[in-house]
Amino acid sequence: MNDVARQTNGRNQPKLPIYLDYQATTPTDPRVVAVMLPYFTEKFGNPHSTSHSHGKEAAAAVEAARHQVARLIGADEREIVFTSGATESNNLAIKGALRFKGESRRRVVTYVTEHKCVLESARRLGEEGVEVVLLPVRADGLIDLDLLARTLDERPTTLVSVMAANNEIGVVQPLAEIGALCRARGVLFHSDAAQAVGKVPIDVEAMKIDLLSISGHKIYGPKGIGALYVRRRPRVRLEPLFDGGAQERGIRSGTLAAPLCIALGEACAIAGAEMAAEAARLGQLRDRLYRGLKAAVPEVVLNGDPEHRLPGNLNIGFPGIDGQALLDELPELSLSLGSACTSAAVEPSYVLKALGLPDALANGSIRIGLGRYTSEAEVDFAVDRLASAARRLRGAAPSA
Amino acid sequence: MRRPVYLDYNATAPVRPEVASVMAEALATVGNPSSVHGFGRAARAQLETARERVAALVGARPAQVVFTSGGTEANNLALAGAGRGRVLVSGIEHDSVLKATAAETIPVDRHGVVDLAALDRLLVTRPEPASVAVMLANNETGVLQPVVEAARIAHDRGALLHCDAVQAAGKIAVDFKALGVDLMTVSAHKLGGPAGVGALIVADHVHLSAQQRGGGQERGRRAGTENLAGIVGFGVAAEIAAGELGAMARLADLRDDLERLALAAVPGALLFGRDAPRLANTSCLALPGVSSEVQVMALDLAGVAVSAGSACSSGKVQASHVLRAMGADAATAGSAIRISLGWGSTAEDVGRFLEAWCALAARSRAVGSLTAA
């Protein structure tokens, strides 16, 4: 059992601090740890050393894991490339597609609310002469399909990159509609699904997705592993990021970390088996949390579309309250203002700004992430503490 | 079946038990090192402790350590991130260096040592700012390279020197500062840590342009949530390896016995790099007339794991570019195998290899003489 899993044994008073930051990272599921550990020690072979039995054993386990990853998203195992994480997957998908020799269109379309690594990859391509189109999102955080269609009709485009679920506000984009729109125009569709895979159903065939990024540590696997789905039919061609031993069908050089690959496979298998029940449970907890908070502090607002969102995410604005001051009041709750990557930054979240929130409300918003080990008692405790902290801060604030 | 014998440590080393146990602990905690709450800060503290340990192994300062997903990424980051228009690499480098875009090759001599005069000539031919890559120890022969001298030559000509120390770190004392190099790669899984983690050591004066971009992790030099458990394991493996450098003498004795007995028992067998300074754990032996592949398979059947050259190119067996660069003909290079020892290797392991390999040599000789008759 891991630290967080142990907390679920609590009665009414949960063990503190309570982890409510599941979009930053998730605890590794003990079942995943159990499966991966033997591959560090007794089954330690290099999966590329297929000339001997140590290597063959590791290689077979890696291939089984590849199958598990593929199955979760409706892909073929030959379409899964293991990477060091979603940041690498996103860099590889976007830069790889645009840098591929023979790709003449040199245009990429993405959105202002994407993860930093997507925006930075696009920006880098911009420096290389690629036309980068950054589209806005609607006030609910969802994309405007008509705007996307019009943008694609302007000029030939190589790739559209839209995240499946946003890491800060949890909104889930209409992937199937985006996929259909892209496919009809011969444009590649990449989706950063780091937050969505294993949480909401993803099917690369039904959604016509060509490239899809997956993260291990967002789905109860370890950090340091991810995958990129790369469509075979019609074939998507990528220029690799690394030169080297040409592992992963030449797309990604470097010795595969067999235990990490195996862990990602197991995490995907568990997610596939438990997603429906887990989503239902988390959706109820999320709604309980929001209802409780709204009852106690009626002025709170929910950022992002209320319907199309991850079951385990809330992004809540507290008008007139500084988000950082609120977190400082709540050392017993591990919450964040937004993305962990930019946690140390003091300016308001660029995602919330993109929804049109004024600085004051963007600054007064926090992200609450629920997950596999979150209990009802923890949610009730969090509501109680959040509400009283908000009331304290409101009382302290100079009245207008 | 008898206990399998693993003599392929240069491909990957089994994770040390102490490392596995700290990784298991790290996996049982939650926290993104970039998060500001207590869970995140605890993860950050673990990350920084590991950074100190890795820095200590290679004589660097913690701030110079950039964690990556492994040696391949670190080598690519070093060469692409330094932003020099021209790249010169020795002919015996690992594929992740050798295949760098538009790399020019620096020749090596028949002992497998890089030709420093040739390096100087190549640098003089064009004034363009260059990066030079010379590895510290070769992965196939174990031959050590004159990196200090190579760095001096590179610097005299205004070039940067990158050193791939993946095979050397943990096997010989490595001092980033004393080597005088600008960039250096190390990998965890070659020294008893986990696969999927490496580091690039970056001297203070080098401006490194991040290749993998996104969040500002690793002080803006490598984006992506850090592989926390792997990095914690790397730190502990580095600390153990640093403490056990003295024990390499034991491996040198085992290796010397292996080579002496193998060469005595099998007339015609060749040892690559025998006259050059080498790592204590690596032997590259050729059995002319028997392909590397046949030897590796026969040894595997006998329960002994060795390799034909580097693991990356395993699967598509071709004559080693390292041995070819040393002047070996294709047939001889195609009959070489690599035996590499490590922290778990014993005299019994060496005995098992010798028994199987000498038997194979004797069988092939008998077949050869029958065919000849």
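Predicted model: local features only at pLDDT ≥ 70, side-chain atom pairs only at ≥ 80, totals over all residues.
Residues are numbered from 1 along each chain as its sequence is written, and chains are lettered from A and ligands numbered from 1 in the order in which they are written.

Along the principal axes, the C-alpha atoms of chain A fill a box of roughly 70 × 55 × 35 Å. The secondary structure of this chain comes to twelve helices and twelve strands, where helices (H or I, at least four residues) and strands (E, at least two) are DSSP runs numbered from the N terminus. Of the 400 residues in chain A, 58% are buried, a residue being buried if 20 or more other C-beta atoms lie within 10 Å of its own, exposed if 12 or fewer, and partly exposed in between, with C-beta atoms placed from the backbone. Among the contacts in chain A with a separation of 6 or more, 75% are accounted for by residues 24 or more positions apart; two residues are in contact if their C-beta atoms, placed from the backbone, lie within 7 Å.

Chain A is divided into domain 1 (3–29 + 275–396) and domain 2 (31–269), with bounds that come from an automatic or database domain assignment. The centres of the two domains, taken over C-alpha atoms, are separated by 28 Å, and the contact takes 29 residues from domain 1 and 32 residues from domain 2. On the side of domain 1 that touches domain 2, the elements that give two or more residues are H8, strand S10 (313–317) and helix H10 (350–354) of chain A.

The contact between the chains takes 62 residues from chain A and 64 residues from chain B. On the side of chain A, the elements giving two or more residues include helix H3 (53–72), helix H4 (86–99) and helix H8 (258–296), while H5(A) gives the most, with five residues.

The largest nonpolar core has 253 residues, and those with the most contacts inside it are A:Cys261, B:Val58, B:Val132 and B:Ile201; such a core is a set of buried Ala, Val, Leu, Ile, Met, Phe, Trp, Tyr and Cys residues joined through C-beta atoms within 7 Å. The largest share of this core, 15 residues, comes from H8(A). Neighbours within four places in sequence left aside, B:Val58 is in contact with several residues, including B:Ala165, B:Phe176 and B:Ile201.

In chain B, strand S3 (residues 86–90) is largely enclosed by the rest of the structure, because four of its five residues are buried. S3(B) pairs in the parallel sense with strand S5 (residues 130–133) over four bridges and with strand S4 (residues 104–106) over three bridges, two strands being paired if DSSP finds at least two bridges between them. B:Val89 stands opposite B:Ala133 in S5(B), and its bridge partner in S4(B) is B:Thr105. In chain A, three strands form an open antiparallel sheet in the order S9-S10-S12, with S9 (301–302) and S12 (365–369) as the edge strands.
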